[in-house]
Amino acid sequence: MLRMIAKRMVLIIPNLIGVVIVTFLLTRALPGDPAAYFAGPAADKQAIEQIRVKLGLDKPLIVQFGRYVNDLVHGDLGNSLSTGQPVVTEIKNRLPASAELTLFGLILSMVIAVPLGILAAVKQGSWIDHTCRVVATAGVSLPVFFTGLLLVYVFYFELGWSPAPLGRLDAFATAPAQITGFYLIDSVLTGKLETFRASLSQLLLPGFTLGIFSLAPIARMTRASMLAVLASEFVRTARASGLDNRTVIITYAFRNAMLPVITTLGMVFSFLLGANVLVEKVFAWPGIGSYAVEALITSDFAPVQGFVLTMAVLYVVLNLIIDILYGVIDPRVRLDG
Amino acid sequence: MAKKAQKPSKLDRNRPTSMPLLDVRDLTVEFATRRGTVTAVKNINLTLAKGETLGIVGESGSGKSVTSYAVMRILDRAGSIAEGSVVFSGLDLRTAPESDMRDLRGREMSMIFQSPRLALNPIRKVGHQIEDVLLQHAQVDSDAVSERAIEVLEQVRIARPRERYHAYPFELSGGMCQRVVIALALACRPQLLIADEPTTGLDVTTQKAVMDLVVELTRERGMSTILITHDLGLAAAYCDRVVVMEKGHIVETAQSSAIFKKPEHAYTRKLMRATPRPGVTLRDLLPEGESARPKAVAKTAEAKAPAKKVKGVETPLLVIEKLVKEYPRQGGAASLAKIFAPKPAVQPDMFRAVDGISFTIARGESVGLVGESGCGKSTTSMMVMRLIDKSDGLIMFDGEDIGAIPARSFARLPLRKRIQMVFQDPTDSLNPRFTAARAIADPLLQLGGIPRDEVRGRCEALATQVGLPLNLLDRFPHQMSGGQKARVGIARAIALNPDLIILDEPTAALDVSVQAVVLNLLQDLKDSLGMSYLFVSHDLNVVSMLCDRVIVMQTGKIVEQGPTEQVMVAPQASYTRDLLAAIPHPPL
């Protein structure tokens, strides 16, 4: 098992090298001239050229790349041109916000979708199966900004149960000391239950918005994979041995059905992490998605590069975790790791 | 899960023994399908006395498995008992509540299934799976359960049970897995054991070991057994009474000693005739009155045969010399991991799947390659087929060293046409999205070099040749029966007039009566087209009927080869004798 993990770790290295190269090239291939943008609309050719030299954009691509890698090794992702802040700091501040929101949404969705999928498979064709289908289809067909706005309208504007959708904490609360960057966890660690309550109430609506959206793939995959496993011969053996339903469904069927579900979870997570820009916009969430979009619009290389790199690294790490989970669940994977 | 104390059994084990343990009356099982209700079995009557062993014999679709599922009440969602009663030890199983059934299953009545590897949870240790059953039926306290599980494993003769307790099914051989399934079924000492094709897919020697074990354990405990099988010989050898089923009906019930001597029903006679056994010819397998050679084949025979005979007889078609195939013992680690590994990878020790074998196949000769799983017979056939590369040795085909040509480039050579293959599973070896005609046409389109508008005509000629009705040519594999699919596979293999056909257990997945027809077809085709066969099989009886010579392989080596007659009647190697002895012999 440990050897398998070590091997996978080694395999990450070429992945990361590829990621760095592609990130660099992709951002250079994007349309737009950052020098022109920063010189402003009134600047003449000379001024633009000056800025270009200052940014190092006049050098050959390979030199730019060398400098980029060198900076990267020193933990420097460059400075944002529009805010002047180091990209590393910005990402460090914003990534936990996105990650907390996405994880929270994903867990919410998992808690609903997995049991729903199991029930739908066990009672195939029953009302619960149809409910599962309707809920999942509705969830995935409503755009997140619409679900988000709807939730805000109902729970904040009409009912007033929820605080104003303005970021991670309301104006009167102070952020907990940064340990993990996740407000929920940090506030518990530092014993500030008031902050915990405040940040949870902020998190609920955007969390549900994401959760509803990601219900469909998880529920559908759970159902399909459960159906396949329930029809398999070892489940028949388990039934013929008189094992009770709970053991058959959980220990025998669900553990075997989990592999594709975990793959789906990984995909949904990485997808949501980058793609929840709209939710971040609706709830004024200081996340990494909105940061990246703003940088992209202003042709601000460094943050875009940093964002893509962070996402790629996250994706690689996520895949590693999924592989390890596979090994934990399925002894056969351990063998040929 | 709250462990219930051992409930007083609802069943009275001390009833007079004259009452049958299981009494099935007028059982009718129906399945709800999209096209309405289908009756799977109708008016089945069965009784099973205490300690008796009953065989249920029939071909696929005869309803033998459905009957047993109905007894256990583990039919699929769509299936239901429409009529009749199932009384087990005085308890009506049809009306018993599900919770009672759950208590009965595994404790009073157990089942073992075919394909033992699939019958076990792949990601749970076998010891834990046995514990699940023991705990479910409150056979033992939870602190003593692992000792008890090891004991149960020991009872089914699993060597080193303490170690095997921690094994996953994929780490065990097929025979070992079946022992675990038997352990699972017998852990709670039930009164009734239903064995559904328990040895299908196992080697003959393993089959014998498994069946002997089942018989010994059940006899020792006074259990009743139902053995469901397609193999009349197996049933007759191990059962007191045999029930023969056809298309959902019981056609005959008799003592197994009587059924071979005096089969009453025509279907039983047909089954018996079709069962390969020593001392009969291929023609004997066909039903009475059908032993004449199919007309279509006979006609093409005359037209084709002379053309091939002209070729030189002096050199054998295929010469294999000291052929070796080695595999690294450890699974090939990812190459990238090797590059980044701190030390250069240690040369992995090699496993010889095929270990220096030599044999020849003459023109028009058919040679049988026999051995148990893992003996290297499939590896050999793959190398001759040029699908994988040899490690060492020589493969000469018609004077040409084809072993030297890498497997990748062989596919593009004209030689490819001359060696073709018929695969084991007729269903899996056909593209599910190709019609029969398209499947047969595939080699013609790839290598045939004939005009497209002539392809259809050629397909029809081939279909006629293999006895496939022309109206089936536009069907997809799932719309055809096993025998029809086998014919498509054969037509595809002979489409390019090959000189050598490798038959990889071509009838292993077929019912005996279909197998008889297919074997005869192969024989006729060989006679008419003058091809050579390399027939790979684990079944000595089948091989002996079709082949001129037999090669017996064990652990990568040839232990014996010679004319069929000699190998079958006077085997030299002790391994061959073991193989022959393991074939179930009906009490004649």
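Helix α1 of chain A (residues 2–29) has 28 residues, which at 1.5 Å a residue should span 40 Å; its end C-alpha atoms are 41 Å apart, so the two values agree. The expected span is 1.5 Å times one less than the number of residues, and helices are DSSP runs of H or I with at least four residues, numbered from the N terminus. This is a predicted model, in which local features need pLDDT of at least 70 and side-chain atom pairs count only at pLDDT 80 or more, while totals for chains, interfaces and linings use all residues. Residues are numbered from 1 along each chain as its sequence is written, chains are lettered from A in the order in which they are written, and side-chain values use heavy atoms, without hydrogens and water.

**Burial in α1(A)**
- Met4(A), Ile12(A), Val19(A), Val20(A), Thr23(A), Phe24(A) and Thr27(A) are the buried residues of α1(A) (under 20% relative accessible area, 1.4 Å probe, protein chains only).

**Packing of α5(A) and α6(A)**
- Helix α5 (residues 87–122) and helix α6 (residues 127–141) of chain A pack at about 135 degrees, with axes 8 Å apart.
- Leu116(A), Leu119(A) and Ala120(A) of α5(A) make the contact with Ile128(A), Asp129(A) and Cys132(A) of α6(A) (heavy atoms within 4.5 Å).

**Ser381(B)**
- Ser381(B) is part of helix α15 (residues 377–384) of chain B.
- Ser381(B) counts as buried because its relative accessibility is 1%.
- Beyond its neighbours within four places in sequence, Ser381(B) contacts Met421(B), Ile502(B) and Val536(B).

Methods: Helices (H or I, at least four residues) and strands (E, at least two) are DSSP runs, numbered from the N terminus. Buried means under 20% relative accessible area, exposed over 50%, partly exposed in between (1.4 Å probe, protein chains only). Axes are lines fitted to C-alpha atoms, for helices over the stretch in contact, and angles run from 0 to 180 degrees between N-to-C directions.
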